[in-house]
Amino acid sequence: MGIETAGAAAVPRRSQRRFKQVREVIDALRHGTRRNTRRLAAKREVKQLSDWKDQVEVMVHHGKISVPYSWTVGSTLSKWYVLMRDKGEIWANRCPSCGKVYVPPKIKCNDCYKDMNDWVKLPGTGILESYTVVHYSEPVIQPQEPPIIYGLVKMDGADTAMVHLMGEVEPEQLMVGMRVEAVMSEEREANIFDIRYFRPSAGGEA
Amino acid sequence: MGKRVGIIGVGQTHHAAKRLDASGVELIAEAVTRALDDAQLTIKDIDAVVIGNMDHFENINYVDMWAADGLGSCMKPVFKVTTGGTTGTTVGACGYYHAASGLFDVVMAVGWEKNSESDTQAAISTCANPTLERDSFAGAIGPLATEYSMYMKAYGATEEDAARVAARDRNNACNNPFAHIRQHVTVEEVLASPMLSYPIKFLDMCPRSDGACAVIFAVEEKAKRLCPRPAWVHCSVVRHDYTHFGDLEWTWMPTLERATAEAYRLAGIHDPLKELDVCELYLPASTCGVKWMDSCWFCEKGGAPELIRKGTFEMDGELPINPSGGVISCNPIGATALIRVGEAAWQIMGRAGDRQVEGAKKAMATGFGGCSWSDVFILGADLP
C-alpha cells in the first residue's frame, strides 16, 4: 500500500504502472502459489526477484577476529567480591543522602550522585520477586543445561533486587513472594558464582 | 544560527596505561565529578548528557545504559555517539548542538576509553571494509606512516622534523599532571627509538591509555551567570570522507583543510598563525604534526618543516601547539579528542596551570578519526 500511495502522488505514470506490476508479484509471492507467481511474472514480463542469482556468483567472506577482553572490576565491586570470597558475606552500600541501599553496590547513587562509602552487611535472606524457567539452551552465554531458573531476589535490608539462579527447588514449587536464602559456594573465587544460587528457606510465602 | 554557548567546566581523570584501580564506569565518574566541581554545579544542574567511546574496544556496547550511575544520567536525556577517533570531538559537538538548539540549557559531554581491556589494533581494524581492506592496510600506524612518506618525498620534510614535534609534545607533557606519559626526551632519542613502520618510530607514536574526560556546555545566559570566564564556542565544524583507503588524497589532508577553512570563516579568522593564541591538535603521530600544519593553513603547502625548524609551535613560539603534551603523551581514544576541547577551554578560562599560555584569547582544538576525518572547534574569551 505504501508504495502505491506514495507513488501515485510523486512519480510519473509509467513508474506507477511499474510499481503496480511489482506489487502484484509481491502479493503473489505472499499469498499465491509459486506457479501463479511465475504465470503472473511471465504475463507482465517482470523478472522474478530471484533472477539476479543467475547473473552473479553468490559470495560470503567468512572471517573471525579474536579480540581478547579483560574487564577491570573496579574499587567498588572489588570490595564486594572480596568480602564475598573471604567471609562468605553479601554486602550492600547505602546512599548518604537518600538512604537507598543498593545490592550489588553502586559507584554513585542513581538519584543523588553521591559517593557510596557507607557499607551494610545483609543477612543473605529475602523474597523471590519474580522468576522464569528457561527451557532452551544458550551455550555461548550460559554454560548450564536447561531447565535453568532465573530469579529476581529482593534481599532483606536492600532497596534493589538482584538477579541470580534458583536451586534446590523444582519449578512447580516456585512461588512469587516466597522466602529464599543465598547458598554460598564452598570454594569461592571472587565472582558472581561465589553465591551458588538462592533456594527456598523456612517461612514460606512472605 | 543557534544560541551562543560557552564551556563552563572541564574534568579529566589521571590517565595511565592501566587504571587497575577503576572500572570504566569509575573512570567516567571521576571525570564527571571533576567537571561538576570545576563548574561548581551538581548533577541536578545538568539537563542532558552525551557520551561516547570506540565501538568494539571494551566489548560492552551500551555505555549509555550500564554506566548510568557513574555518568549521573539516571532519568535524564542521554545520547550515545561514536565516530571512531573523532568520538571525543563528536560528543563535544553534540553537547554544543544540544545547548545551541535552545532546547537544553546545560549539557555535559563525556568521552572515555579503557584501552587496557582489549587489543586496540585488532579492535581498530574493524573500521576497515572486511571483504576488501582489513587484511592489507588496517591499523593506525601503517596508514599514517604511508602518508608521511608521500609528504617527505613531495616537500623534502625529514624524519628529524617529525622527531622535533615528538620531543616538543613529550616535553610539554611534563607540565601536565593528568598526562599518561611525562618524560623528557631529546630529538636524538626519538630518532634512535625502535622503528614501528617507516618512517614512524616508537617515540613518534601515541600510546594507548585508560581515561575519561567531561566537558560542560551552557547557553549564554547561564554561562554568564555560572562562570567568571567561559570559553565561548565560536564554531564547531565536522568534515568526514572515505569510501576506500585508496580514494583518499594522502599528500595533504582534505578533511582538515576543509574543516579548518570553514571554521576560520565562521570565526572570522583571516591569518590563523597570527590570530590563534594556542592549539590543542589531535596529532596521533608526530609526523602529523608536520604534514597537517599545511592543512591548518598555517603556511603554504610544504611550508611546515620550515616553521617547525624555527620553533614556531613551541611553548615560547608564535603559536604554541599542544601545551598539554597532546595525543602522543596521552590517548584514551574515545576521550582523546574531547581532552583537546577541554584543554583548549582551560587555556581560555586561565585554568591550565603550568601549561598555561599567558593571555590566551583564541584557541583551536581538533579531532582526528578513522579514517581521515576531521573535527574542529574554535573557542574564544570574547563572545562570538
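Author: What follows looks at a sheet, then at a chain contact, then at a pair of helices.

The model is predicted. Start with chain A. An open sheet there has 3 strands, in the order β2-β1-β3. The pairing is antiparallel. Strands of a sheet pair through backbone hydrogen bonds, either parallel or antiparallel. Which strands stand at the edges? They are β2 (101-102) and β3 (118-122) of chain A. Each has a single partner strand, so one side of each is left without a neighbour in the sheet.

Now take β1 of chain A, residues 90-94. It is joined to β3(A) by 5 bridges, and the two run antiparallel. Look across that pairing: Trp119(A) in β3(A) stands opposite Asn93(A).

Next, the contact between the chains. Chain A gives 20 residues and chain B gives 23. On the side of chain A that touches chain B, 9 residues are nonpolar, 8 are polar and 3 are charged.

Last, two helices of chain B. Two packed helices are described by the angle between their axes and the distance between the axes. Helix α4 of chain B covers residues 87-100, and helix α15 of chain B covers residues 333-349. Their axes come within 5 Å and cross at roughly 55 degrees. Which residues make the contact? From α4(B) they include Thr87(B), Gly88(B) and Val91(B). From α15(B) they include Gly334(B), Ala335(B), Leu338(B) and Val341(B). The contact of α4(B) with α15(B) has 6 nonpolar residues, 6 polar and no charged.

Notes: Residues numbered from 1 in each chain as written. Chains lettered and ligands numbered in written order. Predicted model: local features only at pLDDT ≥ 70, side-chain atom pairs only at ≥ 80, totals over all residues. Pairing = 2+ DSSP bridges. Helix = DSSP H or I, 4+ residues; strand = E, 2+ residues; numbered from the N terminus. Contact = placed C-beta atoms within 7 Å. Nonpolar A, V, L, I, M, F, W, Y, C, P; charged D, E, K, R; others polar. Axes fitted to C-alpha atoms, helices over the stretch in contact; angles between N-to-C directions.
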